[in-house]
2 protein chains.
Amino acid sequence: MDQDVAVSDLSKDRLRAWLRILKVTRMIEAELRERMRTSWDMTLPRFDVMAALSRVSEGMKMSDLSGVLRVSNGNVTGIVDRLVTDGLVERRAVEGDRRANRVVLTPEGRVLFDEMAAVHERWVDELLSPIGAQGLETLRTRLGRIIDRLEETNG
Amino acid sequence: MDQDVAVSDLSKDRLRAWLRILKVTRMIEAELRERMRTSWDMTLPRFDVMAALSRVSEGMKMSDLSGVLRVSNGNVTGIVDRLVTDGLVERRAVEGDRRANRVVLTPEGRVLFDEMAAVHERWVDELLSPIGAQGLETLRTRLGRIIDRLEETNG
DNA sequence: CATAAACATTTTATGCTTGAAACAAGTGCC
DNA sequence: GGCACTTGTTTCAAGCATAAAATGTTTATG
């Protein structure tokens, strides 16, 4: 009976922990979205795409982008379309495969991204400032274990 | 100079921690959304509204809902509209204030929610199972500090 | 009382997101 | 070489999300 109660409590604790993770994520995302919007008329999804592209000079295929960002293919199409309209990104043909294209940052996109990324890092530093070096370490390993489990289960 | 490097590293560590929080949240949400969809043709936003309503038998005003769930007023309007269409929720007049309505679970909504909530709790327990009692505790306090900070800053 | 301010909600425009279907182009294999 | 299969991307319909404006209603205040 003690055993049952303990198990049940743990399950409730996990639910509470999940709700808290969700709350933190939503609050920080809301704050970052608002700052991005007022500072550069930028959205988080567009910033995320630019961040992914910024790490590879040769650019990425649409399918790579949706894989890295974990969003659907069709979603990436729309976001990239808008970035192209704004001149921050361009689609280049892939030699030898007429289905695919490589998406790359334009020079303007690179300049804007570098500026945004620096400020974005300071914002995150500020918003997570209640957590020190030790807290970050334990957070990282705990969350890492959940991610590992999810990735091995789902692929 | 040592000082500068240390500060800079901490900032990068916070950024990495934030990206990891984001990744965990997205992965778990994707998993829960998929299971909700296939099991009951239910969405997470609708489930969230029902969960909020389930905690108060007298129901909640639309503005209370958007406050608790931290989403915009207009958003709640649409979600509640769909729940009403499905017969899971209903709008009732508030005596003495013709502006407001109280949104309440219907009996059907209550039955369905109780069923979903029990399974949902087991799913979360499973998905967070890599974290034990002690991990939950430290996670709770660390994230709690961030939330407190954000709430005192923004209101 | 009139009327300005605050409140509760909906509407509108725009963008993000998904899942499924469509389409086109490459790959393997008999 | 033809035919199934896989891969890369887009399109579509539906729903979620925001910010801002609009609509009604209540409250405060001079």
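**View 1. The loop between H1 and H2 of chain B holds B:Asp41.** Helices (H or I, at least four residues) and strands (E, at least two) are DSSP runs, numbered from the N terminus. The model is predicted: local features need pLDDT of at least 70, side-chain atom pairs count only at pLDDT 80 or more, and totals for chains, interfaces and linings use all residues. Residues are numbered from 1 along each chain as its sequence is written, while chains are lettered from A and ligands numbered from 1 in the order in which they are written. B:Asp41 is not a glycine, yet its phi is positive, near 55 degrees. B:Asp41 is exposed because 9 other C-beta atoms lie within 10 Å. A residue is buried if 20 or more other C-beta atoms lie within 10 Å of its own, exposed if 12 or fewer, and partly exposed in between, with C-beta atoms placed from the backbone.

**View 2. A:Arg70 occupies the loop between H3 and H4 of chain A.** A:Arg70 also has a positive phi, of about 60 degrees, although it is not a glycine. With 11 other C-beta atoms within 10 Å, A:Arg70 is exposed.

**View 3. A:Met42 sits in the loop between H1 and H2 of chain A.** A:Met42 counts as buried because it has 20 C-beta neighbours inside 10 Å. Leaving aside neighbours within four places in sequence, A:Met42 is in contact with A:Met36, A:Arg37, A:Phe47 and A:Met116; two residues are in contact if their C-beta atoms, placed from the backbone, lie within 7 Å. A:Met116 is 74 residues from A:Met42 in sequence, and the two C-alpha atoms are 9.4 Å apart in space.

**View 4. Helix H2 (residues 44–54) and helix H4 (residues 73–85) of chain A cross at roughly 85 degrees, their axes coming within 10 Å.** That angle makes H2(A) roughly perpendicular to H4(A). In this contact, five residues are nonpolar, none is polar and two are charged. Ala, Val, Leu, Ile, Met, Phe, Trp, Tyr, Cys and Pro count as nonpolar, Asp, Glu, Lys and Arg as charged, and the others, Gly among them, as polar. H2(A) contributes A:Pro45, A:Arg46 and A:Val49, which meet A:Ile79, A:Val80, A:Arg82 and A:Leu83 of H4(A). Axes are lines fitted to C-alpha atoms, for helices over the stretch in contact, and angles run from 0 to 180 degrees between N-to-C directions. Angles under 35 degrees count as roughly parallel, over 145 as roughly antiparallel, 65 to 115 as roughly perpendicular and the rest as oblique.

**View 5. The contact between the chains takes 38 residues from chain A and 38 residues from chain B.** On the side of chain A that touches chain B, H1, H5 and H6 of chain A each supply at least two residues. H1(A) gives the largest share of that side, 17 residues. By class, the side of chain A that touches chain B has 20 nonpolar, five polar and 13 charged residues.

**View 6. The largest nonpolar core has 24 residues, and A:Ile21, A:Leu128, B:Ile21 and B:Leu128 have the most contacts inside it.** At least two residues of this core come from each of helix H1 (2–40), helix H5 (107–127) and helix H6 (133–154) of chain A and helix H1 (2–40), helix H5 (107–127) and helix H6 (133–154) of chain B. A nonpolar core is a set of buried Ala, Val, Leu, Ile, Met, Phe, Trp, Tyr and Cys residues joined through C-beta atoms within 7 Å. Not counting residues up to four places away in sequence, B:Ile21 touches A:Ile21, A:Val24, A:Thr25 and A:Leu143.

**View 7. Around DNA strand C there are 24 residues, of which A:Gly74, A:Asn75, B:Ser63, B:Gly74 and B:Ala100 come nearest.** A residue is near a molecule or strand if its C-beta atom, placed from the backbone, lies within 6 Å of it. H4(A) gives the most to the surface near DNA strand C, six residues. That surface has five nonpolar, 11 polar and eight charged residues.

**View 8. Around DNA strand D there are 24 residues, of which A:Gly74, A:Ala100, B:Pro45, B:Gly74 and B:Asn75 come nearest.** The largest share of the surface near DNA strand D comes from H4(B), with six residues. Its residues divide into five nonpolar, 11 polar and eight charged.
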